[in-house]
Amino acid sequence: MSPHFEPITGRYLHLDLLGKPHRLYVEEAGSGIPLLCLHTAGSDARQYRGVMNDARVTSNFRVIAFDMPWHGKSSPPAGWQDTEYELGSRDYVRMVVEVADALGLERPVAMGCSIGGRIVLHLAHEHPDRFRALIGLESAAHTEPYYDLSWLNRPDVHGGMVCAGVVSGLVAPTAPSEGRWETLWHYMQSGPGVFKGDLHFYMIDGDIRHRVDEIDIKKCPLYLLTGEYDYSCTAEGTLDIAKRTGAPATIMKGLGHFPMSEDPEKFVGYLLPVLDKIRGL
Amino acid sequence: MLDVIASLVNADTALVRRGRFVNTTFLIAIGEADTLFRVQDGRIVNVAPGPFITPDYSFALRATRDVWEKFWQPLPPPGFTDVFALVKQKLMRVEGDLHPFMSNLLYFKDVIASPRQKTSKAGAR
């Protein structure tokens with residue numbers, strides 16, 4: 001292989017976020033309509049590298065993905081050592097809006113997966129004027145806890161291994177081995193308690209079932225894409241949102257809970273028709 | 001189906017390595033039929049079919065035969081691909097001292113799913 005650089009660039013953004021100074025790692029590639037990508041719980045923006053390296057996407061979209069505070073190469077806020085990380089709905093909504101503002105993005109498209117797929121529902125409900133369109137990957141209005149979350153952060157269990165172990169079955173059984181293990185590697189690198197803290201939003205605080213009917217897709221178009229093998233955000237859960245909001249939904253064959261990282265090529269095949277629609281808005 | 005687990009696991013050097021710190025006995029229940037698996041340093045060293053009067057094990061996975069058979073298909077249908085998928089749908093019960101299971105989850109998931117390799121080969125013939 002001849003050495004080469006990918007077209008992705010990464011930088012550190014300093015900003016006040018949720019009232020505190022933060023240092024966020026932000027990657028981007030491409031030019032055109034800003035497409036702000038939100039990663040899953042306990043992972044980071046590397047999940048979108050397949051999308052960022054796909055010229056079919058980047059020829060028309062400026063794809064931007066940031067590591068949330070505590071995740072990837074973004075730092076936790078100073079004083080973190082004496083706190084327990086817990087993501088709440090209000091902070092998560094504010095974070096996305098404040099990062100978009102700090103980056104000077106004018107009515108970007110936001111695309112999020114899992115917790116990101118949930119927060120786009122909150123954004124659709126609370127801030128439809130701020131976004132050109134929203135794309136929910138693996139979106140469900142709520143997911144009940146189905147195992148004891150305390151296993152994810154205790155000193156006698158390897159945090160990276162248990163987090164990867166918990167999510168491993170969410171990858172489609174048909175996913176390429178490299179994509180599967182790259183996805184799990186990201187989980188193995190999460191800081192202690194970060195995945196668990198994100199799941200506070202996913203399984204407890206971020207429940208939006210009672211407000212889904214109030215989402216108006218005429219104010220901000222919403223598109224839903226969910227992998228057929230996802231048993232956490234199920235096809236049924238996504239189709240329920242589609243039914244209640246009128247948002248178009250596609251169940252993606254041969255994909256699981258992490259479509260953009262487990263099989264980027266296949267995922268982009270599903271994403272492109274959505275992006276074409278957004279370009280025509 | 002359970003009779004193939006030991007040979008498949010023990011022949012998989014990468015899987016044995018992943019489980020090299022595992023020393024425990026766990027139970028798989030297919031309906032009412034219990035089987036005990038003794039694991040030593042990642043290798044399955046004994047498989048004991050029940051019934052038992054006083055079975056001694058750390059954790060147990062219990063599901064009906066129908067559920068296990070779907071789970072062990074070479075390409076299981078959505079909802080049957082993973083132990084946690086079954087647990088979420090209340091089709092499987094995982095009980096007992098879960099510490100060995102949760103602290104070696106990637107190992108045990110592949111051990112438990114190993115019969116899929118056998119069904120895959122049988123299907124190809």
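Reader: Which residues touch the most other members of the largest nonpolar core?

Author: Of its 113 residues, Cys37(A), Val63(A), Val109(A), Ala110(A) and Leu134(A) do. A nonpolar core here is a set of buried Ala, Val, Leu, Ile, Met, Phe, Trp, Tyr and Cys residues joined through C-beta atoms within 7 Å. Buried means 20 or more other C-beta atoms within 10 Å of a residue's own; exposed means 12 or fewer, and partly exposed is in between, with C-beta atoms placed from the backbone.

Reader: Which helix gives the largest share of this core?

Author: Helix α4 (residues 115-126) of chain A, with six residues. Helices (H or I, at least four residues) and strands (E, at least two) are DSSP runs, numbered from the N terminus.

Reader: What kind of model is this, and how is it numbered?

Author: This is a predicted model: local features need pLDDT of at least 70, side-chain atom pairs count only at pLDDT 80 or more, and totals for chains, interfaces and linings use all residues. Residues are numbered from 1 along each chain as its sequence is written, while chains are lettered from A and ligands numbered from 1 in the order in which they are written.

Reader: Back to Leu134(A). What is it in contact with, beyond four places in sequence?

Author: Leu134(A) contacts Ala110(A), Val120(A), Leu123(A), Ala124(A), Cys220(A) and Leu222(A). Contact means C-beta atoms, placed from the backbone, within 7 Å.

Reader: And Leu35(A), buried or exposed?

Author: Leu35(A) is buried, with 29 other C-beta atoms within 10 Å. Strand β3 (residues 33-38) of chain A holds Leu35(A).

Reader: Zoom out. How many helices and strands in chain A?

Author: Ten helices and eight strands. Chain A is as compact as a globular protein of 281 residues, because its radius of gyration is 17 Å, close to the 19 Å from the globule rule. That radius is taken over C-alpha atoms, and the rule is 2.2 Å times the number of residues to the power 0.38. Of the 281 residues, 53% count as buried.

Reader: Which residues of α5(A) meet α6(B)?

Author: Met161(A), Val162(A), Ala164(A), Gly165(A) and Val166(A) meet Leu105(B), Leu106(B) and Lys109(B).

Reader: Which residues of α6(B) are buried?

Author: Leu105(B), Tyr107(B), Phe108(B), Val111(B) and Ile112(B). They are on the same side of α6(B), because they cover an arc of only 155° around the axis. The arc is that of the directions from the helix axis to the C-beta atoms.

Reader: Switching to backbone. Where is Pro51(B)?

Author: Pro51(B) sits in the loop between β3 (43-49) and β4 of chain B. The peptide bond from Gly50(B) to Pro51(B) is cis, with omega near 5°.

Reader: What is phi of Leu18(A)?

Author: Near 50°, a positive value in a residue other than glycine. Leu18(A) is partly exposed, with 14 other C-beta atoms within 10 Å.

Reader: And Trp70(A), buried or exposed?

Author: Trp70(A) is buried, with 21 other C-beta atoms within 10 Å. Its phi is positive too, about 80°.

How values were computed: Contact = placed C-beta atoms within 7 Å.
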